[in-house]
Amino acid sequence: MRITELFQRGEFVLTAEVGPPKGVELDHLIKDAHEYLKTRVHALNVTDNQSSVMRTGSLATCKVLKDEGLLPIFQITCRDRNRIALQSDVLSAALLGIENLLLLTGDYTTLGDHPQAKPVFDLDSVSLIHAVKRMEEGFDIAGNAIDGAPPKFAKGAVVSPCSDSVDVQLAKMEAKVKAGCEYFQTQGVYEPEKFIKFMEQAKQFGVPVQLGLIIPKNVGMCRYMNANVAGVHVPDDMIKELQADKEKTKAGDTGVEICARLIKECKDYAQGVHIMSLGWENRIPEILDMAGIAPITPVV
Amino acid sequence: MLITQLKSKETIEALAQGKTVIINCHGCKEVYFAEHEADELQKDLNGVTQIITTDYICNPDNLKLQLQKHTDVINAADTILVFSCGVGVQTVAAQFESKKVYSCCDTYPLPGFQGVTPLNVDCGQCGECYLNGTGGICPITACSKSLLNGQCGGAKEGMCEVDKEMECGWERIYRKLEKLNKLDNMKYDAPKVRNYHNPNAEEPII
């Protein structure tokens, strides 16, 4: 199923991110997905060599999750593939019955574990969305006809509502909508007031937006993100909150509480939530419980 | 060597709006420049208040010196059309921040010596100059990812995720377009896609 159908039905769409390992043992990922995510989120984003670190591929992992009765979202970045490979993978996704895409430019190569690699960026997020849209119309980006019935996807993209240059981000968001983007997931939000202000401007585009959350695990992680991760800012008060009860934070409970609170504060302004748990998938049910979000009936 | 090839007459005519000053750069002998064709084309353009032919406009100090005696006419102009390689256009655009500065050439590379660029401004020699839509700041060389359709999510406090000493090129472009009241430049229908199959640059006639 395409998650755009859920948005159209007016559902509050829940997604969580999972990252394939550097290796082919997916048992742990699959077990966690069944145990913690299947009845709590509608779909699972599968990252594409996240942070430019080489891992098992997103498409193959999507297929495994699909076979497990879960609904995957195939994340595709422009970092590692030129337009031929990107479009070929999009067709491969259609072949495998993967109907949800999240189309990104991608982190730069030097941020990951193969800094010597060639950065491709032949297309970018906007032109990739355009390419997929063209394929849905029966043509590749070079204008050649595609044989048989064209594929159909839910085409998603990302945006950073708490960026220090949110006007520049909004301009890019508009370009993505124009190119055919049908839903957005945001970068991690820790400042509800910024998110709400952003949504007031973003609603003109008429495209659903899922609030992005990164579970704050500890103070070090927050400081690291503040210094290094674009579009993410953890305010001082929240860092103090994580510092206040060290045992509670260590147990992960402070992070869970913060996420639940962020959902409550932003819920009325968003069309869903996307949780990036970075290995803490087991805490997602608690976050959703605490935020008052009931389990869901799984869709495939 | 570089080849600068004139953009089409229609393109250049569309760029010449209001009072227009033309700057020709006949600097590097290593750059092939279609002098005669440019002269012919410039004769027919409307609104031209001054044609300045000079050299090495890629050097900001030299540019300033060369243009000193034309200050009044440049200040009164609405548009500056630059006939040079991509570096020259960017240097002029940086010097006249509030003017519309447009490139009338596409710059192509040829193997061998590539001219003299004594500064950080760079031209990607892509053969399909984007400077006219980006406020005279090159997205190919000012953006680490050479993105054509706007900022990625990797800028923090205006700096690039790849090189923290480097400003985000698209943030610079956005601010420049904002200043020029040209933000609509970022609204177009088909996203821009680079052509790596370098179009056939004409052989230089030397």
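Start by selecting B:Val82: leaving aside residues up to four places away in sequence, it touches B:Ile23, B:Gly88, B:Val89, B:Val92, B:Val101, B:Tyr102, B:Ser103 and B:Cys104. Touching, or being in contact, means that two C-beta atoms, placed from the backbone, lie within 7 Å. A quick note before you click on: this is a predicted model, where local features need pLDDT of at least 70, side-chain atom pairs count only at pLDDT 80 or more, and totals for chains, interfaces and linings use all residues. Residues are numbered from 1 along each chain as its sequence is written, while chains are lettered from A and ligands numbered from 1 in the order in which they are written.

Now colour the largest nonpolar core, which has 138 residues; A:Leu44, A:Leu101, A:Leu213 and B:Val82 touch the most other members. Such a core is a set of buried Ala, Val, Leu, Ile, Met, Phe, Trp, Tyr and Cys residues joined through C-beta atoms within 7 Å. Buried means 20 or more other C-beta atoms within 10 Å of a residue's own, exposed means 12 or fewer, and partly exposed is in between, with C-beta atoms placed from the backbone.

Next, select strand S6 of chain B, residues 100-103. (Strands are DSSP runs of E, at least two residues, and helices are runs of H or I, at least four, numbered from the N terminus.) Which way do its residues point? B:Lys100 and B:Tyr102 go one way, B:Val101 and B:Ser103 go the other, and all are buried. Look for B:Thr79, whose bridge partner in S6(B) is B:Lys100.

From B:Lys100, hop to B:Leu180, which touches B:Lys100 and B:Gly135, again not counting residues up to four places away in sequence. B:Leu180 sits in the segment after helix H7 (169-179) of chain B. Is B:Leu180 buried or partly exposed? It is partly exposed, because 17 other C-beta atoms lie within 10 Å.

Finally, show both chains: 24 residues of chain B are in contact with 26 residues of chain A. Then select chain A by itself to find 12 helices and 8 strands. Along its principal axes, the C-alpha trace of chain A spans about 60 × 45 × 40 Å, and buried residues make up 50% of its 300 residues.

Terms used: Pairing = 2+ DSSP bridges.
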